[in-house]
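Here's a quick look at charged pairs and greasy surface. Have the viewer open while you read.

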Amino acid sequence: DRDGDPHSPHIHSEEGSIIGAIKGFWHAHIGWMFRPDAPDILDEVQDLIQDRAIRKVDALFSFWVAIGLIIPAGLGWAITGSFKGAFLGFLWGGLVRIFLVHHVTFCTNSLCHIWGTRPYRSNDRSTNNLIIGILGVGEGWHNNHHAFPTSARHGLRWWQFDLTYYCIKVMAWLGLVWDVRVPPKSALDAKRVKTA
């Protein structure tokens, strides 16, 4: 929750007004994307820069977006045999899908730092938000993530739906990922916020 932090809607809270709250929410939700990257950003991602497959996927970003719009349009046309079907596939399976997925992701930065529960101690105001936890397939258990940042599992309780973690488990089973980390019960107990 420091100035410029893309994960914090609280950077304008010193203004103590509704305008400050709106500015902070805007910054955390989507406004951070319109700020220039930090000058040392490339120093922070050397492992990604050195990975040839990741560089290739990044270089093909526009291609992946186009495919994500063309496939639903093609399916709409194939199913209905009409331009209207192609357009509806493009609209709902392409544009609306991208819009919703992005905004659910953005809510992890904004809403999950405002509303929710804080079962674990962390150095910020991150929260677990049930709605974003479900819609974000596990990413809404944000306080869990901030308290245990190296954990592959964000839904640390049995009832916290975390499809992302189950996908990681399947990839580990297939040998595609390894050294998957989940905090032991002793670490969970040590960081748990004590209630009166």
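A residue counts as buried under 20% relative accessible area, exposed over 50%, and partly exposed in between. Keep in mind that this is a predicted model.

Side chains of opposite charge can pair when their charged atoms come close. Here's how the pairs look:

| Salt bridge | Closest N and O atoms |
|---|---|
| Asp189 with Lys185 | 2.8 Å |
| Asp189 with Arg192 | 3.7 Å |

Why are Asp189 and Lys185 separated by about one helical turn? Because they sit four residues apart in helix 10, which covers residues 185–191. Lys185 is exposed, at 58% relative accessible area, while Arg192 is partly exposed at 25%. Thanks to shared partners, the salt bridges tie Lys185, Asp189 and Arg192 into one network.

Now for the greasy side of things. Which residues form a nonpolar patch on the surface? They are Leu130, Ile134, Val137, Trp158, Trp159, Phe161, Leu163 and Tyr166, and together they have about 840 Å² of accessible area.

Phe161, one of the patch members, is found in the loop between helix 8 (142–147) and helix 9. With a relative accessible area of 38%, Phe161 is partly exposed.

Terms used. Residues numbered from 1 in each chain as written. Predicted model: local features only at pLDDT ≥ 70, side-chain atom pairs only at ≥ 80, totals over all residues. Heavy atoms only, no water. Salt bridge = Lys/Arg side-chain N within 4 Å of Asp/Glu carboxyl O. Helix = DSSP H or I, 4+ residues; strand = E, 2+ residues; numbered from the N terminus. Buried < 20%, exposed > 50% of the residue type's maximum accessible area, 1.4 Å probe, protein only. Patch = residues over 30% accessible without salt bridge, like charges linked within 9 Å, V, L, I, M, F, W, Y side chains within 5 Å. Areas by Shrake-Rupley, 256 points an atom, 1.4 Å probe, with all protein chains shown as cover.
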